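Hi everyone, thanks for coming. Let me walk you through a model that may be new to you, and please have the picture open as we go.

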Amino acid sequence: MTVILAICVGVTFAMSIYLMLGRELKEIAMGTFLITHAGNLSIIAMAGSPMVRAGLLKRAPILSELGLRVDSLPQALILTAIVISFAVSGFLLTLVVLTGRTQQTLNVDELASE
Amino acid sequence: MWNNLIILFIVIPQATGILSILFVNKTKVTRTLGTISFSLTSILAVGLLASIREGGGIYTSQMGGWPAPFGITVVFDSLSGLMLAASSIVALGCYVHSFAILDDKTERRYFHPLLQLMMFGVNLSFLTGDLFNLFVSFEIMLMASYALMTIGGSKEQVRQAYKYVLLNLIGSTVFVIAAGLMYGLMGTLNMADLAAIVAEKRAIGEPLPTGFTTVALMLVFVFGLKGAMFPLWFWLPDTYYTVPISIGALFGGMLTKVGMYSLARTVPMFLAVGDHMPVIQAVIAIAAVFTMFLGVLGAVSKHNVRRILAIHVISQVGYMVFGIAVLTGHALAGCAFYMIQHMVVKSSLFLCCGIMEKYSGSDDLNKIGGLLKRDWLLATLFIVAAFSLVGLPPLSGFFGKLVIIEAGWTTGFWYLSIFGLLTGLLTLLSMMKIWSYGFWSPPRGEQVAVPAGAPRIRRLRPAYIGVSLLVGTALFLGFFAQPVYQIAFHAGDQLMDPTQYIGAILGEDRAEQIRFAVANHRLPRASDREEAVAIPAFAREASNNGSLVSQRSADLSLGDGGVVHQLSSAGLSDASTLFKTIGIGVEGVSP
């Protein structure tokens, strides 16, 4: 499971960096959205499955009458991060739209040459 | 009772921000509300600081009543207090200044709520004692600053804002990853808890988990990006150049300090403790040299007042990074003092620049001149602020640089001190450039016509009040440096030896444990506190006996009571699975 997650994180990172190296503002924006996903995935990978984690970490999974439960903090972290990156992405897209309207182009080279 | 007062630093700006949305079209109401809010936080911060001046106490509050490592902690210690007081006063000055500078249209575009919400984020990041909460407060602050940056919606602003948002989005992502990894490695995100674990491990000679250095460097990267540390400063000059000057003053004075504060908080407390300390120290020291020197070279080469001031921010961030790189209590105290004085002085210079622009319609040094004759008050305010920035005794910058450079000289960072002094010289040069071109020399060349209906002193009165408030604070910091330094030295000591911080947040027992571990290089055993805790007779016997086998059996039998109880309630049949889960060795125990 961890290996699969690790591969996912790696591929997402690679894709986002590739997109960010593009010449269009839209592409760059998409790249940053992807990189936030990669970050969230890596937190999931770090949280791991409860069985693996128990010996490794300080706070073992909580035992209760419901049986084994996973440490819910990483999920909470990811949830917060998703909400925040969602808001920032929205703002970034607004800026892309504004730039497109005022400058008639979204190409980085053309924008820089003005 | 005093402890819970510190929540007000968060609640006041937030509540005022929401209220000002309601009254967004009634400028008078929002202005009054905002002024009250900033005055209240300033008074509260100064009052609380005065109360901890002698002993260096720490006020803490647990959000929602959850105990420390689980809930979010809000901490007001000497460093946070200094930063909060300075930032509230700076915000008040810039805010009052904006009444004269901003046009009516901009002001109604939610300038007041946004400013309040930004201060909400700034205050929260100074107060929070939790790494992830620090990320959240950064985001609150940044979100408001994105909106403030594009408040006019001009072509240039949108272009610069795109860069700024993009960079900060990447920085935030790295922060989230680092926070997640930190939780994975250490099992906690509470800064006091992190400091406790790291100090304990170091004392008993246990290595930190693999990858800790990487996470530490990731955090240094993030805070360096927010604080415009070399080589992450490239975004700063352009972005601070395009915004309205009152907002630019607040950005230039405050936002970089939030990054620097986070660096000063985390590096001595837990990031640079243990074996990897030299790595982090070296990285930060090299960054400090380049930040100081390249920043000031950039400023000398520019010919616009705003650009000079904006690039200067970078150079002065270098001094703070220098203080953090030296990593002694003395240097950190100097760093804390320098941070607050720089906030005040830099903002007042930006505000002066705002008034200059009102007079001459431009900030290009080739086009303006003769301001000394036109307005001696502005000239006086400017020269006091400029000399404070340069560090001429007895003004505030001198005391900041003195302690940092002395600390560098005595701890083997002499090259940093030399660059620091050289940077001071070049700072003087660039400030004199503004002075001689802008104020002293007669107007030359194709001078920009003064806008119609030239502003009179009367119309600009709020701007002067704002600048005077900040310059007055700078003078206070210079002439009353001793009491401020008293607090700053407490801050430095608390950062270098976090046991007081740990004690205030996690309870005195935990702090005692750390002190014991540091003194004896081992963890306190039950036998050390026999009189305090009653332990079962067989366990005591086992630990006295000392043989491995009986030790283990004692461990197991001690654990058994709890485990068996949990076993039955969990309804699990296979005991060995459970043992594995909780991480107890199971050799010799047949399932």
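Let's start with pLDDT, which is the predictor's confidence in each residue, on a scale from 0 to 100. Chain B averages a pLDDT of 83, and 86% of its residues score at least 70. This is a predicted model, where local features need pLDDT of at least 70 and side-chain atom pairs count only at 80 or more, while totals for chains, interfaces and linings use all residues. Residues are numbered from 1 along each chain as its sequence is written, chains are lettered from A and ligands numbered from 1 in the order written, and side-chain values use heavy atoms, with hydrogens and water left out. The model as a whole scores ipTM 0.88 and pTM 0.85.

Where in chain B is the mean pLDDT of an element lowest, and where highest? The lowest, 38, belongs to helix H25 (residues 548-570), and the highest, 94, to H6(B). Helices here are DSSP runs of H or I with at least four residues, and strands are runs of E with at least two, numbered from the N terminus. Over residues 530-591 of chain B, pLDDT stays under 50, and the model has 42 contacts beyond four places in sequence for that stretch; contact means heavy atoms within 4.5 Å.

Now to H6(B) and its partner. The axes of helix H2 (residues 8-22) and helix H6 (residues 111-127) of chain B come within 8 Å and cross at roughly 165°. Axes are lines fitted to C-alpha atoms, for helices over the stretch in contact, and angles between N-to-C directions run from 0 to 180 degrees. H2(B) and H6(B) are therefore roughly antiparallel, the word for angles over 145 degrees. Among the residues making the contact are Phe9(B) and Ile10(B) of H2(B), and Met119(B) and Phe120(B) of H6(B).

Next, some backbone details. Phe230(B) and Pro231(B) are joined by a cis peptide bond, with omega about -5°, and Pro231(B) lies in the loop between helices H10 and H11 of chain B. Another cis bond links Pro393(B) to Pro394(B), with omega about 5°.

Finally, which residue other than glycine has a positive phi of about 60°? That is Leu327(B), in the loop between helices H14 and H15 of chain B. Leu327(B) is buried, at 8% relative accessible area. His521(B) has a positive phi too, near 55°, but His521(B) is exposed, at 53%. Buried means under 20% relative accessible area, exposed over 50%, and partly exposed in between, using a 1.4 Å probe and protein chains only.

Technical notes:
Angles under 35 degrees count as roughly parallel, over 145 as roughly antiparallel, 65 to 115 as roughly perpendicular and the rest as oblique.
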